[in-house]
Amino acid sequence: MHRALLLCLFVLAAFAPASAYEYPFKNPYEATVLGTLPRDEFPLDSIRPSSLRDLNPLSDLGAVRERELLLHERPVPEILWYDDTLQYSVALQRDVAPLLFIIAGTGSSYDSANCRFLQAVFHRAGYHVVSLSSPTYPNFVVSASTTQVPGFIPRDVADLYQSMDAIVNEIGRDRISSYNLTGYSLGGTQSAFLAELDTREKRFGFDKVMLLNPAVSLLTSATILDHLLSDNVADRTEAARVVADLVSDLSAAYRGSDEVNFGDEFLFALHGSRSISEKELKILIGVAFRVSLASMVFTSDVCTGAGYISPRGHVIEKNESLSPYLDAAVGVSFEDYVDEYLLPFLGFKDPTMTRERAVAASSLESIAPFLRESTSIAVMTNVDDPILTPDNLGFLKRTFNGRLTLYPAGGHCGNIRYRDNVAAMLDFFRK
C-alpha cells in the first residue's frame, strides 16, 4: 500500500507543471494597462548565446540602429514632410546569423516598448533583429503604404512584405542564415498572412513564425476595443474627464515619488495607492485605441485628399492648428472608418468588393487551411485576452492545436515581457 502510494505520487509529480504561472494581474484590463513589472520581466542577462545556437560572437548589444528607407518617389503633404521615408530599427550581429522580423501592434511604431524589449532579447540570443512599425502607424501610411489607405490586411501585408524585402537588401542577404518572424496584436495577425504570402512569393522561406496575442478577425477585435470606450462613457466629455483625472493622479504620484520611473512599476505603485476601477481601465484602453485610430485616419485622409476629415482641396499649412482635425478624427470609430472610408475606396478599386468579402479577407479564417498545415507557425495568447471572443478562441484551438500556448492570464499583450512567456518564445525559435 505504501509503495503504491509513493508510485502514485511519483507519477503525479512527473506530469505536474514545473511551476505555476505566476503572472500577477488576474484582471485582463489591469494586465492590458499595467503590462509586466520590471521585477517580473525576463532577465536579459540570463541568455547565453551558446546555449541557443553556435553563433559567432555578438556585436555590441546596445547597437540598435534607427534607419530610414525611401520606398516611394511621390509627393508628401507638407504637414507630413518628416514621414517621407520608412523608419525602422535594426540590431545586427557581427557575422552571418539568423534574422528575426518583429511587427508592431495596432498604431504602434518600431520603437514601441514591446518592440524594443523583444529586439533586445533576440539580439542577445544571436539574431539579427529588424523591428517594423504597424501599417496603421502614420509613418508607414505615408512612406510605405501603396494606397495610403490602411485597414485591409491583404494590401497592408503586401506593403509590409515589400518593405521587409527592401530592408533585407540593405542588410545584405549573404549575412543572413535564415529568416524568422514574430508580431504582436495586429502585428501577430499580419505575421500569419506574411507567412502565407511568402509561400507564394518565396523571398524568405521563414523557419519559424510566432503570433503573439493575434486578433482572429480585425473587425471583431477593433469593434471590441471601440466598445470599451462607447459602452462606458455617456459622451466624449466624460471620456476626457476620466482620462484627465487619471493623468492628474499620475502627475501627483510622480511629484511625490522618490525616483523618476514612469513606467509599468510606477503605474503599479499608483494603482496600489489609488484604486483604478475596471470601468476606468476599459476607458483608458478604449481611448488609447481611439487616439491611435484617429492618427491613422487623419494621416490617410491628408495623404489621399479624400475630404473625410480635412475639407477636400484644403492644404493644411505647417503653422495651422491640427486640433479641429484630430478632434473630428477621434470621433470616428473603426466601424465608421470601414463603412465610410475604407469600403468606398476598396469598391472604387474593385467594384465587386462587398463588406462581407473585405471583412472575411482580414480574418485568419481566410487562411485557415494554410495555418492548420503549417507546423512552423505557433500562437501564444491568453484565455482572458479581451480582444478575443469565445468563437475566436475556439478557432485558435481547432486550427493550431498543439501549436497554441494559452496562458490563464495576461489580458491583451500584458505578459509579452513576462519571464515565462519570453522563455517559451526563445525555446520555440531555438528548436
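User: Why is tyrosine 161 called buried?

Analyst: Good place to start! Tyrosine 161 has a relative accessible area of 1%, and buried means under 20%, with exposed over 50% and partly exposed in between (1.4 Å probe, protein chains only), so tyrosine 161 is buried. A word on the background: this is a predicted model, where local features need pLDDT of at least 70, side-chain atom pairs count only at pLDDT 80 or more, and totals for chains, interfaces and linings use all residues. Residues are numbered from 1 along each chain as its sequence is written, and side-chain values use heavy atoms, with hydrogens and water left out.

User: What makes phenylalanine 204 buried or exposed?

Analyst: Phenylalanine 204 has 8% relative accessibility, so it counts as buried.

User: And why is the pair of tyrosine 161 and phenylalanine 204 called edge-to-face?

Analyst: Rings of Phe, Tyr and Trp (its six-membered ring) pair if their centres lie within 6.5 Å; planes under 30 degrees apart are stacked, over 60 edge-to-face, and the rest tilted. Here the centres are 5.2 Å apart and the planes stand at 80 degrees, so the pair is edge-to-face. Tyrosine 161 lies in helix H6 (residues 153-171) and phenylalanine 204 in the loop between helix H7 (186-201) and strand E6 (208-212), 43 residues apart, so the pair links distant parts of the chain. Helices (H or I, at least four residues) and strands (E, at least two) are DSSP runs, numbered from the N terminus.

User: Why is strand E5 described as largely enclosed?

Analyst: Eight of the nine residues of E5 (residues 176-184) are buried, so the rest of the structure largely encloses this strand.

User: Which strands pair with E5?

Analyst: Two strands pair if DSSP finds at least two bridges between them. Strand E3 (residues 97-103) is joined to E5 by six bridges and runs parallel to it, while E5 and E6 pair in the parallel sense over five bridges. The bridge partner of tyrosine 184 is leucine 212 in E6.

User: What makes the charged end of lysine 208 sit over a ring?

Analyst: The rule asks for NZ of Lys or CZ of Arg within 6 Å of the ring centre and within 35 degrees of the ring normal. The charged end of lysine 208 is 4.8 Å from the ring centre of phenylalanine 428 and sits over that ring.
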